[in-house]
Amino acid sequence: MPRPDTAGRPRDPYEVLGVGRDASEQQVKKAFRQLARELHPDVNAHDPDAEEKFKEAAEAYEILSDAERRATYDRYGHEGLSSGGWAPNFDAFGSITDLFDAFFGGAGAFGGRTGPATGGDIAVEVRLELIDALRGVRKEVSFEAIDRCEHCRGNGAEPGTPIETCTRCAGAGRLQAATRTPFGQMVRTIACDACHGEGRVPKQPCRECRGRGRRVVKRKLEVEVPAGISDGQRIRLAGRGHAGELGAPAGDLYVLARVAEDSRFVREGSDLLTVVDVTAPLAALGATLEVPTLEGSESIELPPGSQPGAVLTLRGHGMPTVRSGRRGDLRAVVNVIVPRRLSEQQRELMERLNDSLTPENMRSEESLFAKLRRALGNQAA
């Protein structure tokens, strides 16, 4: 059972995995996968309780990943599971490494072996500025990965020592284990906990990897980030993930792009949106404006009589698309500023202008609904 809490009771498996009681099977598996990565003794060697915490997480997963077992726990708690005959059995499930391998490419305690397992995938993040996403850039990423042990070349044996047939499984790589459940006895085939399903064991385990054939190493890799990448997009690098078992391919490396916001722009697909402030007189007269772009300022014409919310477009000054490289547009939204705190002279000029306006000056081609949409759109912005 999971380790007792301060009151001596086994901990709630939902609490152990950090999921809610309505968590889906996929959410339970994801939570266990994350804990497994954090708590595996090879990765978290500085924590003396890492192995016990890892076992606790695995026990919680055993309860919540089985629908019938989970239902029994939800109704009757740990007492219902134990009275029905269920108890975690790590001897039957194999070693901690088996449980780790179950989520990082191995068959482990949750299924029979069908051959060397492919290595697990790795996910890392790369931080980018918007200008990096515009031009494309090379970025270095650092991460931890399970790699082949170079000392034993992945076979788990100290160099110069033999590899022998496993005496526990007689070379089959599998064992049959019987587990009691609230619904009777269940027999299943599991990987041998002595040879981890290989059928052979080194007579003298490798001193560097303790016979596992793989080690956790730190890697650095330069990644080519394509122009036009968006926040949240992933770059897949095949074969750059965790090493597979002997003879099996490695997993993949997924690089998640995190593109920082630029206070001057809002990104909308391949277009960039910005705001340009103009005074009311200038909006009436028209002018040549300087508009910011990612590559410097560009001139754009403001037509006379421009209204608040009018959009001025610079073609080809947006973001490129990853596939074609074709760039979107930069759209500048006109924000008309009404002057405040007028001097006496300014007020007099404004009054003279207002008195000189005719209905023709105020006539608009917009319908009532178009005006309302523009006004509401400006409020939302």
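Arg-21 forms a salt bridge with Asp-12, with the closest N and O atoms 3.1 Å apart. A salt bridge here is a side-chain nitrogen of Lys or Arg within 4 Å of a carboxyl oxygen of Asp or Glu. Arg-21 is partly exposed, at 49% relative accessibility. Buried means under 20% relative accessible area, exposed over 50%, and partly exposed in between, with a 1.4 Å probe and protein chains only.

Ground rules: this is a predicted model, where local features need pLDDT of at least 70, side-chain atom pairs count only at pLDDT 80 or more, and totals for chains, interfaces and linings use all residues. Residues are numbered from 1 along each chain as its sequence is written, and side-chain values use heavy atoms, leaving out hydrogens and water.

How many salt bridges does a search of the whole structure find? It finds 21. Take Arg-331 and Glu-268: their side chains meet at 2.7 Å, N to O. This pair links distant parts of the chain, 63 residues apart: Arg-331 sits in strand E15 (residues 330-337), Glu-268 in strand E10 (residues 266-268). Strands (E, at least two residues) and helices (H or I, at least four) are DSSP runs, numbered from the N terminus. Arg-331 is partly exposed at 23%; Glu-268 is partly exposed at 45%.

There is also a network: salt bridges link Glu-125, Arg-127, Asp-231 and Arg-258.

Now the helices. Glu-62, Ile-63 and Leu-64 in H3 meet Arg-69, Arg-70, Tyr-73, His-78 and Leu-81 in H4. Contact means heavy atoms within 4.5 Å.
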